[in-house]
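The following account leads through selected features of the structure shown below.

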Amino acid sequence: MRARFDSEYIRSELERIGDQLETPLTVYLIGGGSMAFRDLKETTKDIDLVVTHGDALRHLQTVLLKNGYEVVEEPGEEYDDLGAQRILENEDGCRIDVFNQQIVDKLVLSEGMRQRSVTHLVAGELTVALVSAEDVFLFKSVAGRTDDIDDMFALVQTALDFDIVEAELERQIDLLGQELFVTYVNEALLALADRHNIRTPLSTTVEAITERVYEELEVLQAVGGSVSRSDLDQRVGLPSEGIDAAIRSLESKGVVTVEDDKIVKESTTL
């Protein structure tokens with residue numbers, strides 16, 4: 001079992017990093033570390049940091065390596081889809097996951113996320129900003145790690161503004177140019193309801209998007225490279241109006257084109 005670390009340990013590590021940086025660097029703290037500083041979680045296994053460009057990533061990694069952290073080559077199955085650009089761990093077992101702008105390969109550090117963040121710590125050249133509780137909730141919903149559902153439950157207890165969460169979800173769809181990541185949010189919300197008997201105001205919107213995405217996936221799989229509309233009707237177990245709606249949506253996303261009676265696949269990005 002991996003070790004866990006409290007807010008004092010996290011603070012000391014961040015201060016040690018900041019004291020050795022030679023140029024100013026702002027990092028955005030998400031996940032369990034952010035929750036620990038808000039007294040929403042006693043300990044965490046990971047410190048999740050987001051930087052905004054490649055130079056910041058390189059500077060941070062250089063300092064971490066000088067401070068006894070080593071790159072984790074095989075972080076384990078639950079980290080396979082995390083999408084961290086660097087995962088480093090020290091001899092205490094404290095793991096720092098560093099993301100460069102994109103988080104978990106499913107979210108982008110948006111301008112809204114930055115504006116909602118608050119500066120929590122300034123140490124030397126390092127500024128640590130805490131991502132808002134609403135944005136941490138969204139991050140937890142796509143991260144897919146063992147503790148994330150329980151963390152979502154803790155965040156719900158803080159009276160989250162789900163209008164902010166939903167608006168950011170829509171913004172992420174625009175930034176990423178796809179909706180497939182919403183299906184991961186749906187899985188997390190279902191797990192939250194199953195484990196803690198909580199249904200959030202976000203659920204209705206997420207369920208509707210997920211249902212549409214699954215119907216589009218079914219249609220897209222049936223298209224193959226190309227297919228006539230009459231053949232598509234035979235291949236897909238959806239009513240005709242459902243197929244029509246899926247085709248219109250896929251066409252609007254540039255995933256398929258419609259030429260006379262033929263549907264042609266152009267992309268697989270939903």
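L180 counts as partly exposed because its relative accessibility is 34%, where buried means under 20% relative accessible area, exposed over 50% and partly exposed in between (1.4 Å probe, protein chains only). The model is a predicted one, in which local features need pLDDT of at least 70, side-chain atom pairs count only at pLDDT 80 or more, and totals for chains, interfaces and linings use all residues. Residues are numbered from 1 along each chain as its sequence is written, and side-chain values use heavy atoms, with hydrogens and water left out.

L180 is placed in the loop that connects helix 7 (162-176) with helix 8 (182-196); helices are DSSP runs (H or I, at least four residues) numbered from the N terminus. Apart from neighbours within four places in sequence, L180 is in contact (heavy atoms within 4.5 Å) with V213, L217 and L270. Between the C-alpha atoms of L180 and D148, which are 32 residues apart along the chain, the separation is 19 Å.

The protein is divided into domain 1 (7-176) and domain 2 (205-265), with bounds from an automatic or database domain assignment. Their centres, taken over C-alpha atoms, are separated by 37 Å.

Helix 8 also meets helix 5 (residues 133-143): the axes come within 7 Å and cross at roughly 95°. Axes are lines fitted to C-alpha atoms, for helices over the stretch in contact, and angles run from 0 to 180 degrees between N-to-C directions. Helix 5 and helix 8 are therefore roughly perpendicular (65 to 115 degrees). F137, L138, S141 and V142 of helix 5 make the contact with Y184, V185, A188, L189 and L192 of helix 8.

Notes:
Helices (H or I, at least four residues) and strands (E, at least two) are DSSP runs, numbered from the N terminus. Angles under 35 degrees count as roughly parallel, over 145 as roughly antiparallel, 65 to 115 as roughly perpendicular and the rest as oblique.
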